[in-house]
Amino acid sequence: MLKITDLKAQFEDTPILQGVNLTVNPGETHVLLGPNGSGKSTLGRVILGDPKYDQTAGEITFNDEDFTELEPSERAQAGYFLTFQSPPELDGVSVKDFLFAAKKAHDEAFSSSFKFKKGLSSTLETLRLPGEFIDREANKGFSGGERKKIEVASLLTLQPQLAFLDEIDSGIDIDTIREIGKVIREFLSDTSKSIILVTHSDKLLKEIEPTHVHIFGKGVIAESGGPELIEKVQNEGFDKYFAKPTSSLNVIQ
Ligand code: ADP
Ligand code: MG
């Protein structure tokens, strides 16, 4: 479904992605584990074609189509979905209208707003968001956790083929993580769908048993394997993969 070959990208003049190789097939769940600032979010954005980043080398294909030829909106229409690490506030746009517009942008024939509202209400209920959220301005005054829940609601609304979920569990309580896990497992029960998940907590990893795990740092994938890599990283940390050059400490005497 997704094939990334030797992908390099930079922000302004700073190289961030330094040769990423990743293949995601239908039905797979890939987890990216890595230290802060290593380029995980950048990868998600470069796959989407965020114009803030320059792709300087490599290829991204999605269902055998050259993704780099497409605009971000076309990539989304093709079935790629990226959550925001910090979802923006939308002045004057309700949660319902925002998600309806997003759905309509993906599927012009989509029109049943009554059915849509009913489906969305039940999604919000599953995510333990009070019913009134449907009419509130999207993300306005929402807590970090509530914003993440709206991201998950948009995943369920849009039903993309491949979802890049960037730290959707940060700031979320344990019961909701369980619910999100359940929702994602349901999403993945359609074996034509796949997920790339970035997370620092093992709670969500326990809920969603990944098929592939990648250690990501300094703009590359240093090691790939199965779920056994999670425990290895939990025990050993990332330093062994991305150790900084040792410098002698300046001791003030
Ligand atoms: P991660 O998601 O792994 O924590 P990021 O992809 O967010 O890492 O960032 C990788 C590096 O690129 C960081 O040093 C970050 O500061 C820098 N970077 C990425 N995007 C931007 C941006 N839009 N503006 C400024 N710096 C950025
Ligand atoms: Mg990030």
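Colleague: Where is aspartate 66 found?

Modeller: This is a predicted model, in which local features need pLDDT of at least 70, side-chain atom pairs count only at pLDDT 80 or more, and totals for chains, interfaces and linings use all residues. Residues are numbered from 1 along each chain as its sequence is written, chains are lettered from A and ligands numbered from 1 in the order in which they are written, and side-chain values use heavy atoms, without hydrogens or water. Helices (H or I, at least four residues) and strands (E, at least two) are DSSP runs, numbered from the N terminus. By that rule, aspartate 66 belongs to residues 65-66, strand S5.

Colleague: Is aspartate 66 buried, exposed or partly exposed?

Modeller: Buried means under 20% relative accessible area, exposed over 50%, and partly exposed in between (1.4 Å probe, protein chains only). Aspartate 66 has a relative accessible area of 34%, so the class is partly exposed.

Colleague: Which residues is aspartate 66 in contact with, leaving aside its neighbours within four places in sequence?

Modeller: Contact means heavy atoms within 4.5 Å. Lysine 3 is 63 residues from aspartate 66 in sequence and 9.7 Å from it in space, C-alpha to C-alpha. With neighbours within four places left aside, the contacts of aspartate 66 are Ile60 and Thr61.

Colleague: How far apart are the C-alpha atoms of isoleucine 4 and phenylalanine 67?

Modeller: Isoleucine 4 lies in strand S1 (residues 2-11) and is buried, because its relative accessibility is 2%. Beyond four places in sequence, isoleucine 4 has contacts that include Val20, Leu22 and Ile60. Phenylalanine 67 is 63 residues away along the chain, and the C-alpha separation is 9.9 Å.

Colleague: What relative accessibility does valine 20 have?

Modeller: Valine 20 is part of strand S2 (residues 14-24). Valine 20 counts as buried because its relative accessibility is 0%.

Colleague: Which residues of H1 are buried?

Modeller: Helix H1 covers residues 40-48 and holds threonine 42. Seven of its nine residues are buried, so H1 is largely enclosed by the rest of the structure. After H1 comes glycine 49, with a positive phi near 90 degrees. The buried residues of H1 are Lys40, Thr42, Leu43, Gly44, Val46, Ile47 and Leu48.

Colleague: Which residues does threonine 42 touch, not counting those up to four places away in sequence?

Modeller: Threonine 42 is buried because its relative accessible area is 9%. Residues up to four places away are not counted, and threonine 42 then touches Ile16, Leu17 and Tyr53.

Colleague: At roughly how many degrees do the axes of H5 and H6 cross?

Modeller: Axes are lines fitted to C-alpha atoms, for helices over the stretch in contact, and angles run from 0 to 180 degrees between N-to-C directions. The axes of H5 (residues 144-158) and H6 (residues 174-188) come within 11 Å and cross at roughly 15 degrees.

Colleague: What does that make H5 relative to H6?

Modeller: Angles under 35 degrees count as roughly parallel, over 145 as roughly antiparallel, 65 to 115 as roughly perpendicular and the rest as oblique. The crossing angle therefore makes H5 and H6 roughly parallel.

Colleague: How do the residues of the contact of H5 with H6 divide?

Modeller: Lys149, Val152, Leu155 and Leu156 in H5 meet Thr176, Ile180, Val183 and Phe187 in H6. Ala, Val, Leu, Ile, Met, Phe, Trp, Tyr, Cys and Pro count as nonpolar, Asp, Glu, Lys and Arg as charged, and the others, Gly among them, as polar. The contact of H5 with H6 divides into six nonpolar, one polar and one charged.

Colleague: By class, which residues make up the contact of H3 with H4?

Modeller: H3 (residues 95-106) and H4 (residues 113-126) pack at about 120 degrees, with axes 11 Å apart. Lys96, Leu99, Phe100 and Lys103 in H3 meet Ser113, Phe116, Lys117 and Leu120 in H4. By class, this contact has four nonpolar, one polar and three charged residues.
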